[in-house]
Amino acid sequence: MTVLITFLASLLVFGAVIAIHEFGHFAAAKLAGIQVNEFSIGMGPALLQKTAGGTQYTLRLLPVGGYVAMEGEGSPEAEQAERERDARPPAGPGQRSGIPFPEAAVWKRAAVMAAGPFMNFVLGFAVLLGLIALRPDPIASKIIYEVEPGALCGQTGLAAGDEIIAINGRRCFVANDIIYELVRTRDAEADFTVRRAGQVIELPGVQFDTYTDADGNARMNMGFTVYALEKTPANILRETVNSELYYGRVIYTSLLDLVRGRESVNNLSGPVGIVSAISQAASYGLADLLELLVLITVNLGVFNLLPIPALDGGRLVFLAVEAVIRRPVSQRLQEHLTMATFILLFGLMIFATYNDILRLFTGAL
């Protein structure tokens, strides 16, 4: 039963995240009048296929990817889809219904590339909105309700009534930002910016009490609680927007920490680790599974916007260069850069998967 639940939960998460991303590319391409030869959800052998409006719609066996094959795009999937389209009868539902991708205006091609990550953010927003509106827990504010008697943070600056604006120079949008920044801080000490009695003041070097857990690890005790907010439509909407900003910034900051060496590459997780996290979240309930879905879909959106040639963000960079120099970047150069970065990303995924398997056998996943 556990295996079945894990399979169904993984199918839900991967399927939703991939389908919404590819649908963004597909819808934008159709609106831009670009010929889409195939819209595929999943990879590997085809399970179902249907052709309509000049596009072949395919559901494939493995829910680990998908693609939108546009005519003239130059990708292996696009070239294969073109060959299959040319092999179909010229009349009927399989006929051509748009222009090749390279012939569309630069801004239209850029919109097609950006639409995939954008729809990932839309999915994250919609799921967050439902979770925040329906969960019984109140919305946590950033205003301190009480500082525990004798707490070190109170002795070194914080006071009841303070509204936390930033920690270590990074803006706090939601209460989770406070927790995240304090987890990242060094030596249980942080610089706070708060609003007190209507004035913004700086509190450098706020210190926190620490303790040792059962495993011998040092832990920080926050030492204060915050007010709850009434669940009005305005507060729910504001919390949804700020929570998505929180998820996006956590992902972006984590990537920067990895590049700077603040986080070890040994902490990377691949597909095995994601499935393990999905299994654990599903065991806690639907709400936890949906929160993980939000994290994954926002992660995919942020990651795909990175200016790396193998990703949507890299394609946007090429299009920006084309708009400036008024001619396309050499197709051969694009292909070489894309292949090189794809190999690097694939190698990184293999390494992350190795980490996952190693943690699985050591019981750390």
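Colleague: With which residues is V275 in contact, once its neighbours within four places in sequence are left aside?

Modeller: Leaving those neighbours aside, V275 is in contact with T6, S10 and F14. Please keep in mind throughout that we are reading a predicted model.

Colleague: Does V275 count as buried, exposed or partly exposed?

Modeller: The idea is to look at relative accessibility, where a value under 20% is called buried and one over 50% exposed. V275 has 28% relative accessibility, and therefore it counts as partly exposed.

Colleague: What share of the contacts between residues at least 6 apart in sequence joins residues at least 24 apart?

Modeller: In this protein that share is 65%. As for the elements that the chain forms, there are ten helices and ten strands.

Colleague: How should I read the angle at which helix α3 and helix α8 pack?

Modeller: The angle compares the N-to-C directions of the two axes, and a value over 145 degrees is read as roughly antiparallel. Helix α3 (residues 106-134) and helix α8 (residues 286-304) pack at about 155°, with their axes 8 Å apart, and α3 and α8 are therefore roughly antiparallel to each other. Their crossing is left-handed. On the α3 side the meeting residues include P117, F121 and L131, while on the α8 side they include A287, V294 and N304. Sorted by class, the residues of this contact are 13 nonpolar, five polar and one charged.

Colleague: And how are α5 and α6 arranged relative to each other?

Modeller: Here the axes of helix α5 (residues 175-184) and helix α6 (residues 233-260) come within 11 Å and cross at roughly 15°. Because angles under 35 degrees count as roughly parallel, α5 and α6 are described as roughly parallel to each other. The crossing of α5 and α6 is right-handed. From α5 the contact is made by N176, D177, Y180, E181 and R184, and from α6 by Y246, R249, V250, T253, S254 and D257. By class, this contact has three nonpolar, three polar and five charged residues.

Colleague: Where does UniProt place the feature "transmembrane region"?

Modeller: The unreviewed UniProt entry places that feature at residues 110-134 and 336-354, and such an annotation may be inferred rather than shown by experiment. In the model, residues 110-134 are 100% helix and 0% strand, and the end C-alpha atoms of the span lie 36 Å apart. Residues 336-354 are likewise 100% helix and 0% strand, with end C-alpha atoms 27 Å apart.

Colleague: Which value of phi does A188 have, and where does A188 lie?

Modeller: A188 has a positive phi of about 50° although it is not a glycine, and it lies in the loop between α5 and β6 (189-196). At 13% relative accessibility, A188 counts as buried.

Colleague: What about A197: is it buried or exposed?

Modeller: A197 has 81% relative accessibility and therefore counts as exposed. A197 is in the loop between β6 and β7 (199-207), and its phi is near 55°, which is a positive value in a residue other than glycine.

How values were computed. Residues are numbered from 1 along each chain as its sequence is written. This is a predicted model: local features need pLDDT of at least 70, side-chain atom pairs count only at pLDDT 80 or more; totals for chains, interfaces and linings use all residues. Side-chain values use heavy atoms; hydrogens and water are left out. Helices (H or I, at least four residues) and strands (E, at least two) are DSSP runs, numbered from the N terminus. Axes are lines fitted to C-alpha atoms, for helices over the stretch in contact, and angles run from 0 to 180 degrees between N-to-C directions. Angles under 35 degrees count as roughly parallel, over 145 as roughly antiparallel, 65 to 115 as roughly perpendicular and the rest as oblique. A crossing is left-handed if the near helix is turned anticlockwise from the far one by less than a right angle, and right-handed if clockwise. Contact means heavy atoms within 4.5 Å. Ala, Val, Leu, Ile, Met, Phe, Trp, Tyr, Cys and Pro count as nonpolar, Asp, Glu, Lys and Arg as charged, and the others, Gly among them, as polar. Buried means under 20% relative accessible area, exposed over 50%, partly exposed in between (1.4 Å probe, protein chains only).
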